[in-house]
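Take a look at the model shown here.

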Amino acid sequence: MTTNELPVWIILPAILLLTAGGLLTVIASIGLLRLAPFYARMHGPSIGNTLGLGCVLTASMLISSALAHRAIVHEILITVFIVMTSPMTAMLLMRASVHRSKAQKH
Amino acid sequence: MNTLFELAVTFAQFCFALAMICATIRLLRGPTAQDRTLALDTLYVSSMMMLVVLGIHSSTTVYTDIALVIALFGFVGSIALAKFLLGREVIEP
């Protein structure tokens with residue numbers, strides 16, 4: 001079974017989720033490129049990437065489950081992992097930035 | 001409907017390529033080291049999403065495992081760089 005034979009009620013949410021994921025990711029990256037101070041630059045990728053990744057992984061779960069006629073939930077592993085680790089990376093980077101700017105002043 | 005699906009997949013791939021280009025520019029240009037670390041973090045997440053969309057396009061589940069490995073190693077790399085920027089030892093005894 002290929003993607004040609006999928007029913008409409010699977011394809012339509014997948015299209016919407018893929019488009020939303022792509023737009024969110026590109027907005028996050030443009031924010032990373034354009035915003036001025038580091039603390040403003042930080043919040044774009046750490047929010048937008050997580051949401052975009054959630055959209056894309058949900059679309060992937062929908063398509064692969066419909067193709068195999070059973071629930072395939074491998075993508076939940078990636079989702080849980082990213083949701084756990086992305087705030088941790090952001091927090092550590094923020095603390096590193098505060099530490100470095102304090103060390104520069106002295 | 002299938003043409004629309006192909007179009008959506010191509011659009012998502014284009015968006016991720018654009019996101020990777022933006023992150024690469026910030027990686028090359030970033031004034032401080034933490035900017036570069038943040039850009040590297042964004043770059044690996046974007047490449048992971050590109051792999052997931054490739055897996056949707058070719059309707060296999062092989063790419064999911066590759067994406068999981070990229071997520072693991074990217075997280076370890078980002079945490080190691082951030083702890084190095086904090087001025088501590090990367091691996092504390």
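Predicted model: local features only at pLDDT ≥ 70, side-chain atom pairs only at ≥ 80, totals over all residues.

Residues are numbered from 1 along each chain as its sequence is written, while chains are lettered from A and ligands numbered from 1 in the order in which they are written.

Start with chain A. It has three helices and zero strands. The order from the N terminus is α-α-α. Helices here are DSSP runs of H or I with at least four residues, strands are runs of E with at least two, and both are numbered from the N terminus. The C-alpha trace of chain A spans about 65 × 25 × 15 Å along its principal axes. Its radius of gyration is 18 Å, whereas a compact globule of 106 residues would have one near 13 Å. That radius is taken over C-alpha atoms, and the globule rule is 2.2 Å times the number of residues to the power 0.38.

How much of chain A is buried? The share is 37% of its 106 residues. A residue is buried if 20 or more other C-beta atoms lie within 10 Å of its own, exposed if 12 or fewer, and partly exposed in between, with C-beta atoms placed from the backbone.

Helix α1(A) covers residues 8-34. Its 27 residues reach 39 Å from first C-alpha to last, close to the 39 Å expected at 1.5 Å a residue. The expected span is 1.5 Å times one less than the number of residues. Among the buried residues of α1(A) are L17(A), L18(A), G21(A), L24(A), T25(A) and A28(A). An α-helix has 3.6 residues a turn, so residues three or four places apart point the same way. The buried residues of α1(A) pack against α2 (38-68) of chain A, and also against α1 (2-29) and α2 of chain B.

Helix α2(A) has 31 residues and reaches 45 Å, close to the 45 Å expected. H69(A) follows α2(A) and lies in the loop between α2 and α3 (75-105) of chain A. H69(A) is not a glycine, yet its phi is positive, about 60°. Most residues other than glycine have a negative phi. H69(A) counts as exposed because it has 8 C-beta neighbours inside 10 Å.

The axes of α2(A) and α3(A) come within 10 Å and cross at roughly 175°. The two helices are therefore roughly antiparallel, a term for angles over 145 degrees. Axes are lines fitted to C-alpha atoms, for helices over the stretch in contact, and angles run from 0 to 180 degrees between N-to-C directions. Residues in contact have C-beta atoms, placed from the backbone, within 7 Å of each other. In α2(A) they include F38(A), M42(A) and L53(A); in α3(A), I78(A), I82(A) and L93(A) are among them.

Now the two chains together. Their contact takes 48 residues from chain A and 45 residues from chain B. On the chain B side, α1(B) gives the largest share, 15 residues.

Chain B has a helix pair to inspect too. Its α2 (residues 33-58) and α3 (residues 62-85) pack at about 175°, with axes 9 Å apart. These helices are therefore roughly antiparallel to each other.

Methods. Parallel < 35°, antiparallel > 145°, perpendicular 65-115°, else oblique. Contact = placed C-beta atoms within 7 Å.
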